[in-house]
Every structure is written in structure tokens, then in C-alpha cells.
Amino acid sequence: MYEKYKNAVVTGSARGIGAAIAKKLASKGINVVVSDVLDEELRQTAKEIESIGVKSLPVKADVTKKEDVEKLIKTTVEKFGSIDFLINNAGITRDNLSVRMTEEEWDMVLNINLKGTFLCSQAAAIEMMKNKFGRIVNLASISGILGTPGQANYASSKAGVIALTKSFARELGKRNITVNAVAPGYILTDMTVKLPDKVKEDYLASIPLKRAGTPDDIAEVVSFLISPSASYITGTVINVSGGLLI
Ligand SMILES: NC(=O)c1ccc[n+]([C@@H]2O[C@H](COP(=O)([O-])OP(=O)(O)OC[C@H]3O[C@@H](n4cnc5c(N)ncnc54)[C@H](O)[C@@H]3O)[C@@H](O)[C@H]2O)c1
């Protein structure tokens with residue numbers, strides 16, 4: 001990891017993939033501000049990170065609220081001195097067939113997954129530009145490339161995250177800020193545990209590597225993307241799906 005750059009924010013890091021990313025970065029010596037709407041779990045994650053031996057701070061923030069996001073970035077800079085890495089991980093699903101999908105289901109998913117990623121990236125980029133360094137990694141999904149039945153809202157939000165990643169990468173490259181996305185396939189978390197058994201079986205049957213992914217499979221790739229080894233990579237989407245998408 002970089003000697004000089006040590007401070008990360010991971011959104012949606014109270015549990016699941018976000019918590020795994022936060023712990024992975026901590027294990028590489030990075031201080032992590034963890035952020036989520038789930039207060040209690042968030043504090044628990046922060047404690048676990050501190051026990052790894054780096055600084056951590058839980059900041060409750062809803063990524064759809066500009067004032068929350070600005071407070072999150074401001075607190076990070078005040079307490080840690082800079083924001084060097086931003087991982088936009090907060091995300092939800094509200095699955096329904098397109099013809100039955102409510103406006104609320106559409107708005108909620110687009111707001112959290114896409115607008116939230118935009119607001120956090122914008123606020124962080126302003127700080128990163130001052131330091132002439134930054135690494136942003138967005139959690140997309142193979143749904144955003146393939147489209148998925150029952151997930152018109154989710155797939156559209158993740159396709160938007162991919163386009164947002166590329167647009168920010170083009171704008172911020174000259175400031176030494178890279179912006180990349182990871183597109184997970186079927187990963188075992190609270191988000192996927194509620195899927196119908198038939199859907200889970202179909203996923204497993206279609207995955208060439210014959211297993212579901214773990215949060216750690218994703219955390220490893222995020223850790224690579226913010227490392228010096230990936231300093232010439234920007235605007236990419238890395239597919240981490242065990243071959244579900246080839
Ligand atoms: N699990 C999978 O199979 C899978 C596949 C592809 C992509 N992803 C993406 O990975 C990311 C993490 O998903 P996960 O599987 O760990 O899900 P998860 O539900 O376990 O975790 C998501 C976290 O985001 C938080 N969150 C929700 N709304 C928020 C808001 N408005 N502001 C701040 N935080 C909020 C939740 O409280 C939760 O802690 C998501 O962006 C998801 O779309 C997951």
C-alpha cells in the first residue's frame with residue numbers, strides 16, 4: 001500500500017461486502033471511516049477494525065442525503081487529515097417484475113445505489129483534488145451489464161454506476177484520481193440470503209466455478225484497485241462473478 005496515503009471511507013460498511021472491505025483495508029494498515037444507516041452494527045464494525053490496529057470512526061450517514069454525505073467527508077478530513085480512498089458500497093435491492101414495480105421501489109433503489117454514489121464521489125473528489133491523489137472504487141454488479149429479471153430498478157442503477165465510474169474517471173485522471181468499479185456476481189450476504197431457493201440453485205448451476213462468492217472475494221479486488229499495483233488502471237469494471245458473466 002502507499003506510505004503516504006492511509007485514509008479510507010467505506011459506505012454501507014456495517015455488514016456484508018462493505019464490512020469485509022473495511023476489514024481488508026484495515027489489515028493493510030489503512031485507517032477506515034465506516035459509514036451506514038445501521039447504527040449499532042456500524043459501531044461494532046468500527047470496534048473490530050480498531051482491534052486490527054488502525055484508526056476507525058463510525059459515522060452514521062444516509063448516502064441519499066447531501067448534508068449527511070458532506071458531514072461524512074468533512075468529519076473524515078477533520079479527524080484523519082485527508083480522504084485518500086472512497087469505496088461506494090452502500091446499496092439495496094427492491095425486486096419486483098417491471099409491470100408491477102412501484103414508483104417508490106424504483107426511486108428508492110436509484111436514489112441509494114446511483115445518486116448516493118454520485119453524491120459521495122462528488123464530495124470526496126473535491127477533497128482529493130486538493131491533495132492531487134485519490135482512489136475511488138464503486139460497487140456495480142453484473143446485473144448492470146446483463147440486466148436481470150425482477151430487477152429493472154437495480155440493474156438500471158448499476159448500469160448507471162458503471163457510466164458514472166467512466167465519466168468520473170475521464171474527468172479526474174489529470175488530478176491523479178483513479179475511478180474504477182467492481183461488478184460482483186452472486187455473493188453470500190444479507191442481500192442475497194432472501195432470494196428464492198430456485199434462483200439460488202439456478203445461479204449455482206450457471207457459475208463455472210460452482211460456488212457462490214464471498215464478501216472477501218470482492219474485498220481482495222477492491223484492495224488491489226486502491227494499491228500502487230493498480231495505479232495505471234482507471235475507468236475499468238472488474239467482473240468478479242466466478243464466471244457467471246463471461
Ligand atoms: N451480494 C451480492 O450478491 C451482490 C452482487 C452484486 C453487487 N452487490 C453490491 O455490493 C454492495 C454491498 O452489498 P451486500 O451484499 O453487502 O448487501 P448488504 O445489504 O449486506 O449491505 C449493504 C449495506 O448498505 C447499507 N445501506 C443501505 N442503504 C443505505 C443508505 N441510504 N445509506 C448508507 N448505507 C446504506 C445497508 O444498511 C447495509 O449495511 C451493494 O452495492 C450491492 O448492490 C452485491
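## The core and what surrounds the ligand

The largest nonpolar core holds 63 residues, and those with the most contacts inside it are Ile 21, Ala 22, Val 32, Ala 124 and Val 222. Such a core is a set of buried Ala, Val, Leu, Ile, Met, Phe, Trp, Tyr and Cys residues joined through C-beta atoms within 7 Å; buried means that 20 or more other C-beta atoms, placed from the backbone, lie within 10 Å of the residue's own. H4 gives the most to this core, with nine residues.

A word on the source: this is a predicted model, where local features need pLDDT of at least 70, side-chain atom pairs count only at pLDDT 80 or more, and totals for chains, interfaces and linings use all residues. Residues are numbered from 1 along each chain as its sequence is written.

Take Ala 22: leaving aside neighbours within four places in sequence, it is in contact (C-beta atoms, placed from the backbone, within 7 Å) with Val 10, Ser 13, Val 32, Val 34, Thr 45 and Ile 49.

Now for the ligand. It's surrounded by 28 residues, with Gly 12, Gly 16, Ala 90, Gly 91 and Thr 189 the closest; the cut-off is a C-beta atom, placed from the backbone, within 6 Å.

As for the whole protein, buried residues make up 45% of its 246 residues, and its C-alpha trace spans about 50 × 40 × 35 Å along the principal axes.

Key:
A residue is buried if 20 or more other C-beta atoms lie within 10 Å of its own, exposed if 12 or fewer, and partly exposed in between; C-beta atoms are placed from the backbone. Helices (H or I, at least four residues) and strands (E, at least two) are DSSP runs, numbered from the N terminus. Two residues are in contact if their C-beta atoms, placed from the backbone, lie within 7 Å.
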